[in-house]
Amino acid sequence: MRPSDTTLPHPPVSTGAELRPDHQAIAEWRRLRERLARAGRAGRAAALAALAGGIRRTVIGTIADAGLGHTGGDLSVTDILTTLYAAVLRLDPADPSWPERDRLILSKGHCSVALYTTLTTCGFFPAEHLSTFAAPLSPLNGHPSRRSVPGVETSTGPLGHGLPVGVGVAIGLRLRGSAARTVVVLGDGELQEGSNWEAAMTAGHRRLSSLTAIVDRNGLQQGARTSDTNDLEPLADKWRAFGWEAVEVDGHDHLALLDAVTAPRDEGRPRCVIARTVKGRGVSFMEDRVEWHHRVPDAEQTRAALAELAESGDAR
């Protein structure tokens, strides 16, 4: 269990409770969006880094309390999710089914704790529910379910499914005449699944310029490096060959991510952002270590990880 001084500042809640909007958190999220829109680049970077640091600390505590999770991938994807939810996606957490919302699909659904924590910062549901993660009857399963968690667009877990679903969503939105965008966040290991490349080929053929794929390129998958299992490089060239724009960025640089996602695009092509990340980002003994794909920190490791994250302020 997590040390008493790091537990979530909320009383226990029923594991079967329905998730409802947290209107105070929604108000805070809206104020943050307004500040980010007005801020200069340095101020924007600092605000996003602070938010990401808080999310990482909550991720560590939540996984430690639950006794299961995918710590390394949660930490590598945090900056991507932070940037998207705080500064890019058009959403209304008070109305998760708003027809004109942008859609985000987390294809690497095993990294659900990072997603759940990010959703609480927007107010989709109160942060107190994170204490029920993976408990019996909890809506916060190890893999996210659209039937029980507001803000989750697609139930994911089986790898290689998120991008095909995202392509279908983007086609459907186009048929409706909607300006809503579709963003799919993928793990790099799952790009070894052929279903992704069938979907990529379809998106390029249909010229789905409203679709963005972001690859969490941390170079590790369960049990090995991706280069040892099935080498993906030259990854950007592969996407371009399927008719996509492809850009490579530092996946822990919030401004670089923001620029890559929001830059004007070729109206005839979907975009792939290859975000070069570090598995276990922010915790020295977890970084770039394959065993932290789904290892859970013990009490001493939890204290050390939280101390490192608090000291660094995610400034690395």
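Q: What is the mean pLDDT of the protein?
A: The mean pLDDT (the predictor's confidence in each residue, from 0 to 100) is 93, and 93% of the residues reach 70 or more. This is a predicted model, where local features need pLDDT of at least 70, side-chain atom pairs count only at pLDDT 80 or more, and totals for chains, interfaces and linings use all residues. Residues are numbered from 1 along each chain as its sequence is written, and side-chain values use heavy atoms, with hydrogens and water left out.

Q: Where is the pLDDT below 50?
A: Over residues 1-12. That stretch has 19 contacts (heavy atoms within 4.5 Å) beyond near neighbours in sequence. Where pLDDT is low, the predicted coordinates should not be read in detail.

Q: Is cysteine 122 buried or exposed?
A: Buried, with a relative accessible area of 1%. The cut-offs are under 20% for buried, over 50% for exposed and partly exposed in between, with a 1.4 Å probe and protein chains only. Cysteine 111 is buried too, also at 1%.

Q: What order do the strands of the open sheet have?
A: S1-S2-S3-S7-S6, five strands with parallel pairing. Strands are DSSP runs (E, at least two residues), as are helices (H or I, at least four), numbered from the N terminus; two strands pair if DSSP finds at least two bridges between them. S1 (103-106) and S6 (245-250) are the edge strands, each pairing on one side only.

Q: How many bridges join S2 to S3?
A: Six, between residues 182-187 and residues 211-217. Within that pair, valine 185 has isoleucine 214 of S3 as its bridge partner.

Q: Which residues have the most contacts inside the largest nonpolar core?
A: Leu84, Tyr85, Leu104 and Ile214, in a core of 47 residues. A nonpolar core is a set of buried Ala, Val, Leu, Ile, Met, Phe, Trp, Tyr and Cys residues joined through side-chain atoms within 4.5 Å. A second, separate core has 24 residues, including Trp197 and Cys272.

Q: What does leucine 104 touch?
A: Leaving aside neighbours within four places in sequence, leucine 104 is in contact with Leu81, Leu84, Tyr85, Leu89, Glu153, Val183 and Val185.
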